[in-house]
Amino acid sequence: MATLEYSFYADLDELSDNEAELDARTAEEDNIDMDMDVLETLNYDLSRVSKLLETHRYADIMHKLEQALGKDSDGGAEMGTVLEDKLIGDCNQLSADIENEIVIFHNFIRDKYRLNFPELESLVHDPIDYARVVKKIANETDLTLVDMEGFLQPATVIAVSVTALTTKGKPLPDSILRKTLDACDHAIDLDSARKKVLEFVESKMGSIAPNLSAIVGSAVAAKLMGTAGGLSALANMPACNVLVVGHNRKNRVGFSTALSQSRAGYLEQTEIFQSTPPELRMRASRLLASKSTLAARVDATRGDPSGTNGKALREEIRKNIDKWQEPPPARQPKPLHVPYSVPKKRRGGRRLRKRKERYQVTDMRKLANRMAFGTPEDSSLGDGLGIGYGMLGQAGSKLKLNAKVAKKRQFTGGSTTSGLTTSSLAFTLVQGIELCNPQALGLVSGIQSTYFSESGTFSKLKKI
């Protein structure tokens with residue numbers, strides 16, 4: 001029996017060892033697969049990402065642009081109108097392509113540099129600033145030796161330095177670091193090329209978009225057109241989108257972002273926006289975006305080459321902002337109304353008088369509500385208990401009946417008579433009860449006799 005038990009335990013131990021070896025082998029294979037995915041992600045080149053710098057169109061437009069800027073600076077003859085308009089259109093299209101290319105380079109740099117400093121992309125949001133920071137830091141672990149004051153705010157520099165002390169990243173290999181720094185150089189070169197394009201377009205904005213330039217200025221108008229992809233694209237854009245063109249989320253580490261960050265883009269750089277009080281800037285930027293859209297549509301259709309419409313819109317914006325800053329009008333004292341000296345007309349007539357007589361307080365109620373001085377009143381239960389009768393039934397109290405009751409009593413006559421004389425029955429000494437009293441019916445005959453008298457005759461009654 002012992003031999004069987006030992007053999008059974010040995011089989012269990014061998015089975016557990018095989019399971020542990022299988023689990024370790026599976027985990028190792030998973031790690032190898034993960035490492036291969038990371039290596040495949042990091043080993044792609046710039047040639048697979050960016051192709052704009054190698055195109056002939058980019059080189060041709062930049063060559064013409066440098067020639068045009070050189071002629072303008074030397075004071076030479078200007079280009080032809082057709083060639084200038086074509087170059088301006090190409091510059092606007094190239095500016096939009098450069099914007100897209102910078103975004104692609106930014107994603108490439110983040111993918112490469114995320115293993116070294118993963119928290120950096122949440123601290124620096126601007127693509128060009130991110131590329132400059134990566135180029136400055138490289139594989140440096142001590143950021144106190146890196147000077148980033150030229151292109152970052154002091155609060156952001158402190159946040160980056162503190163976060164680098166606790167980061168989980170590792171230094172990049174030399175090959176991956178070289179590709180990352182090359183991508184940073186390409187992004188910075190594209191940014192400088194975009195500035196040249198905007199500079200050229202800005203110098204020609206007086207003839208391209210005179211109305212838009214009159215409202216926001218030549219520099220802001222060139223940036224709006226360059227980002228939107230041309231004047232036609234800007235004219236077709238709604239005002240709510242024009243408001244946020246060029247908007248970048250600013251990083252203010254440790255500070256409140258409730259009032260400091262506005263939702264306006266390039267319109268923040270206009271003179272109208274900067275001269276407006278802070279509490280009215282967002283409202284002014286919305287008005288500025290709507291009027292800029294109208295001016296861009298006028299320029300796109302060549303409706304006003306002189307820029308008069310844009311100047312009128314700018315003056316309207318100024319007047320509206322000045323109107324917003326005016327204090328509210330003082331509250332004027334209101335005089336009292338003239339008192340009514342003439343009595344108001346009230347409804348009268350026979351029906352109203354009858355209703356008043358019907359519902360007026362009767363004399364009986366008046367006496368019941370009145371008490372004589374020093375005289376106890378009668379009550380329904382006696383000894384002052386129950387309902388008191390006031391002066392009812394006391395000496396000296398005169399009671400007037402209601403008008404309705406008095407009117408009913410007028411039909412019965414003023415004097416009180418016996419019921420026998422007014423009824424149709426009469427009592428006599430001879431016959432007793434008679435059915436009809438000739439005296440009560442007013443006989444014409446002067447002879448008074450009974451109905452069953454022998455000397456009585458037919459009588460003639462008076463008509464009532």
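How many helices and strands does the protein chain have? The chain has 20 helices and 2 strands, where helices (H or I, at least four residues) and strands (E, at least two) are DSSP runs, numbered from the N terminus. The model is predicted: local features need pLDDT of at least 70, side-chain atom pairs count only at pLDDT 80 or more, and totals for chains, interfaces and linings use all residues. Residues are numbered from 1 along each chain as its sequence is written, and side-chain values use heavy atoms, with hydrogens and water left out.

Of the 464 residues of the protein chain, 29% count as buried. Buried means under 20% relative accessible area, exposed means over 50%, and partly exposed lies in between (1.4 Å probe, protein chains only). Among contacts (heavy atoms within 4.5 Å) between residues at least 6 apart in sequence, 62% join residues at least 24 apart.

Helix α5 spans residues 127-137. Its buried residues are Ile128, Asp129, Tyr130, Ala131, Val133, Val134 and Ile137. An α-helix has 3.6 residues a turn, so residues three or four places apart point the same way. At the start of α5, the backbone nitrogen of Ile128 has a side-chain oxygen of Asp126 within 3.4 Å.

Helix α5 packs against α7 at an angle of about 140°, and the two axes are 9 Å apart. Axes are lines fitted to C-alpha atoms, for helices over the stretch in contact, and angles run from 0 to 180 degrees between N-to-C directions. The angle makes α5 oblique to α7, because angles under 35 degrees count as roughly parallel, over 145 as roughly antiparallel, 65 to 115 as roughly perpendicular and the rest as oblique. The crossing of α5 and α7 is left-handed; a crossing is left-handed if the near helix is turned anticlockwise from the far one by less than a right angle, and right-handed if clockwise. From α5, Ile128, Ala131, Arg132, Val134 and Lys135 take part, and they meet Thr180, Leu181, Cys184, Asp185, Ala187, Ile188, Asp191 and Lys195 in α7. By class, this contact of α5 with α7 holds 7 nonpolar, 1 polar and 5 charged residues. Ala, Val, Leu, Ile, Met, Phe, Trp, Tyr, Cys and Pro count as nonpolar, Asp, Glu, Lys and Arg as charged, and the others, Gly among them, as polar.

Helix α7 (residues 174-203) also packs with α10 (residues 218-228), at an angle of about 120° and with axes 8 Å apart. This makes α7 oblique to α10, and their crossing is right-handed. Leu198, Val201 and Glu202 in α7 meet Ser218, Ala219, Ala222, Lys223 and Gly226 in α10. The residues of this contact divide into 4 nonpolar, 2 polar and 2 charged.

The loop between α5 and α6 (154-165) contains Leu152, which is buried at a relative accessible area of 10%. The C-alpha atoms of Leu152 and Asp129 are separated by 7.4 Å, although these residues are 23 apart along the chain. Not counting residues up to four places away in sequence, Leu152 touches Val124, Asp129, Val133 and Val157.

Most residues other than glycine have a negative phi. Arg302, in the loop between α14 (281-300) and α15 (308-325), has a positive phi near 55° and counts as partly exposed at 49% relative accessibility.

Technical notes. A polar contact is a pair of N or O atoms within 3.5 Å; within protein, one must be able to donate a hydrogen and the other to accept it, and residues adjacent in sequence count only if both atoms are side-chain atoms.
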